[in-house]
Amino acid sequence: MKLLGLLGGMSAESTVPYYRDINARVAERLGGLHSAKLVLWSVDFQEIEILQRAGDWAAAGQLLAAAAAALERAGAEILILCTNTMHIVAPAIEAAVRIPLLHIADPTGEAIRSAGLSTVGLLGTRFTMEQEFYRDRLLDRHGLRVLTPPADERELLHRVIFDELCRGKVLAESRAELRRVIAGLVAAGAEAVILGCTELALLVGAADAEVPLFDTARLHAFAAADLALGEVEAEEAPRPASPVVDCDPARLDRAVVHSFLAASYWARGLPLAVMERSIRNSVCFGLYEDERQIGFARVITDRATFAYLADVFVLDSHRGRGLGRVLMDAVASHPELQGLRRFMLATRDAHGLYAKYGFTPLATPASFMELHDPTVYAATGDGPV
């Protein structure tokens, strides 16, 4: 495993996820108690921001180049600049060191092309959206057509990043504004949107857009870990059993189910007994691996004409493995749910998963009002899933 050199602090809020995501990737690939070998140089962002506002990119480049050289002297073998905007001075940094710099735009461009997309919206600081260093790299190296919001929305986004996100403030009204900006890019033809500021994933996620959102910080962190590991293989360890779905109510781990449902029920002031009764009156699908429950799905149905997909849940520690599809396949093939006239769900996220199973958008029906906030995205499919 090679030693990573992280040049961060721009801002500190977004550098924290880099450390978490790099180590998560290493642990995923190597197993056991493995974590990343890295050194971190965190700058005083105030000094950088003053130079940004002054447009003194030469001085900013010198400052970061000196920090990069210090990381190299500390033994770093790969350099990671934990910011989008300051890649504007990437040439100055690369000239100051002998170790390679993994440019943040490249893992993002590769991920977008792998998804078969070619036109993307770019969100970030005003510098990232308006200057050519980022857009040109995406076009020249990855063949992507890049759209940016109009000037007033660029200014809004710049203010939210510097005045709120970099200071640890995550505001609901700003999330609503950003959703509006994203929708505008989609209307202009964007097939996906790049979160081209390492703080933006603190504010929005997959549920906030109709198209895929590409989180540059996470993609950058994962690519850094993969580059550091190279061809290193995981330790030999017993492989987990293939996940299985079981509808036996007696096998259901109530702790797993309650951990997912409780917050929703308690927020509406409903007692635990109501939640338990709802579970007993549902068709519940437990997802198990090595005899441990790692997820579940719950369907409310009259077993004759109507079914409502109430929950699909996988533990955070097991996400990213396609296990939601395992649950959905089990739901789709369950004998009690075949031939139903109506199969509905309400969800704030995972739209892409449900779309693959034939669900289409529908205004929230009145019958959902007792179960969900009426702003929840609703969908329906005719016949079995």
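**Cavities in the model**

Modeller: A cavity is, on a 1 Å grid over the protein atoms alone, a set of points where a 1.4 Å probe fits but cannot get out. This is a predicted model, in which local features need pLDDT of at least 70 and side-chain atom pairs pLDDT 80 or more, while totals for chains, interfaces and linings use all residues. Residues are numbered from 1 along each chain as its sequence is written, and side-chain values use heavy atoms, leaving out hydrogens and water.

Colleague: What volume does the largest cavity have?

Modeller: Volume here is the space filled by probe spheres set on the points, with grid points joined across faces, edges and corners. For the largest cavity that comes to about 90 Å³.

Colleague: Which residues are the closest to its centre?

Modeller: Lining residues have an atom within 4 Å of a point. The lining of the largest cavity has seven nonpolar, seven polar and one charged residues. Of the 15 residues in that lining, the closest to the centre are Met10, Phe45, Thr83, Thr85 and Thr125.

Colleague: Which element gives the largest share of the lining of the second largest cavity?

Modeller: About 30 Å³ of space lies in that cavity, and its lining is Leu156, Leu157, Val160, Ser174, Glu177, Leu178 and Val181. Helices are DSSP runs (H or I, at least four residues), numbered from the N terminus. Both α8 and α9 (172-187) supply at least two residues of this lining. The largest share, four residues, comes from α9.

Note on methods: 1 Å grid on protein atoms, 1.4 Å probe; cavity = no way out; pocket = protein on both sides within 12 Å on 5 of 7 lines; lining within 4 Å. Nonpolar A, V, L, I, M, F, W, Y, C, P; charged D, E, K, R; others polar.
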